[in-house]
Amino acid sequence: MENRASMKDIALKAGVSKTAVSLALRNDPQVSKSLRLKIHRIAKEMGYVRNPKIGELMSQMRSSSSRSKHGILAIVNGNQDSKAHIDHPTIPAYYQGCKRRAEVLGYAIDKFWLYEPNMTSDRWVSILQSRGISGIVIVGMMRQNRIPEFFKPVVEAFPTTVTGVRTRKPALSFSCADHHMLTLQAFEHAIACGYKRPGLVIERSIDHLVEHRFTSAYLTGQQKYLNPDHHISVFDRYDEAKEKTKLFYDWFHEEKPDAILTLYHSIEKWLRSIDVKIPKDVGLIQLEHRKNDSNWAGMDQHNDVCGEAAVDMLINLIYNGEKGFPEFPRATLIGSSWVDGKTVNHAPSDSLPTPIWDQ
């Protein structure tokens with residue numbers, strides 16, 4: 001029997017999620033045109049043939065779910081910006097994932113903003129009950145990881161999960177990118193590209209939101225792959241540097257990184273302003289690669305898949321009748337994948353670099 005490539009095989013070669021491959025092969029506009037063309041090309045090269053029976057079944061499922069809803073899920077924008085689900089660089093991807101998974105499972109969605117003015121706990125509960133809400137997913141709590149006091153009674157009344165970052169004191173079950181692993185992988189790719197002194201530029205408040213998993217993974221990478229004389233300090237004052245770029249330039253000239261891992265596109269502008277050539281002089285690696293990052297190399301966090309996972313967790317809570325803050329919150333961490341780009345000297349090798357203790 002002839003072996004044909006699967007969507008998983010295509011996803012691995014393209015460096016994207018299986019969901020992205022599925023959407024691209026259906027020419028879904030949620031996937032950029034360039035990526036759709038790339039995935040179609042890879043699928044053709046690998047001899048992928050779509051199973052018509054599976055396509056027919058999925059079409060029936062989508063049609064059925066659109067006609068018969070099991071209930072309504074509330075997707076709550078937890079960001080201080082009321083339009084973050086539209087305008088934010090990354091939060092819309094979580095929304096897309098939540099919406100897509102809810103529809104597949106037969107649920108409608110209703111959107112809310114956590115910081116809607118004049119909303120008390122009682123009013124929240126009343127509105128959600130009147131709209132027939134079965135459960136809640138909170139998305140995009142970027143500036144804090146605490147549930148506001150006024151919303152805690154709402155959580156006690158409805159099954160609730162979080163996606164993006166975890167909450168603490170009290171905690172909810174959540175799904176998010178594996179920030180530690182993605183940073184370590186980015187570091188390993190930098191070493192595989194031939195860089196000797198990768199640096200990390202981050203804002204400490206963002207690192208704090210993810211329990212310092214960006215910096216802890218970066219320091220782990222230094223200890224694992226670099227001699228001590230190539231270790232450099234983390235620059236964690238990005239917000240200050242936006243107002244006073246001299247802070248960044250002082251760090252850059254003192255530490256002399258030959259590659260920078262970061263979340264911020266402005267680093268490229270800052271470096272070019274002092275005649276640093278990218279990637280000839282310094283490589284740049286994006287820790288949260290987005291669809292419009294066509295030139296950047298970096299890690300795709302698959303935030304849409306994080307949203308899907310949050311809905312899966314929520315449906316489980318609904319079916320089990322679980323409300324409130326769990327005694328043992330559960331975590332679903334989503335793996336990231338490398339995306340090649342023009343901001344590094346060359347694509348890394350497929351093999352991992354050798355740890356310093358094995359050299």
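Aromatic pairs in a predicted model

Visitor: Is F248 buried or exposed?
Guide: This is a predicted model. F248 has a relative accessibility of 0%. Buried means under 20% relative accessible area, so F248 counts as buried.

Visitor: Which kind of aromatic pair do F248 and W270 form?
Guide: The ring centres of F248 and W270 are 5.3 Å apart, with 55° between the planes. Planes under 30 degrees apart count as stacked and over 60 as edge-to-face, so the rest are tilted. The pair of F248 and W270 is therefore classed, at 55°, as tilted.

Visitor: How many residues apart are F248 and W270?
Guide: F248 belongs to helix α13 (residues 246-255), and W270 to helix α14 (residues 266-272). Their pair links distant parts of the chain, and the separation is 22 residues.

Visitor: Is W270 buried or exposed?
Guide: The relative accessible area of W270 is 9%. The cut-off for buried is under 20%, so W270 is buried.

Visitor: How many aromatic pairs are there?
Guide: Rings pair if their centres lie within 6.5 Å. By this rule the count is 14 aromatic pairs.

Visitor: Why is the pair of F112 and W124 tilted?
Guide: The centres of the F112 and W124 rings lie 5.9 Å apart. Their planes stand at 55°, so the pair is tilted.

Visitor: Which parts does the pair of F112 and W124 tie together?
Guide: F112 is buried at 11% relative accessible area, and W124 is buried at 1%. The two residues are twelve apart in sequence. F112 lies in residues 107-113 and W124 in residues 121-130, so the parts tied together are strand β2 and helix α7.

Methods. Residues are numbered from 1 along each chain as its sequence is written. This is a predicted model: local features need pLDDT of at least 70, side-chain atom pairs count only at pLDDT 80 or more; totals for chains, interfaces and linings use all residues. Side-chain values use heavy atoms; hydrogens and water are left out. Rings of Phe, Tyr and Trp (its six-membered ring) pair if their centres lie within 6.5 Å; planes under 30 degrees apart count as stacked, over 60 as edge-to-face and the rest as tilted. Helices (H or I, at least four residues) and strands (E, at least two) are DSSP runs, numbered from the N terminus. Buried means under 20% relative accessible area, exposed over 50%, partly exposed in between (1.4 Å probe, protein chains only).
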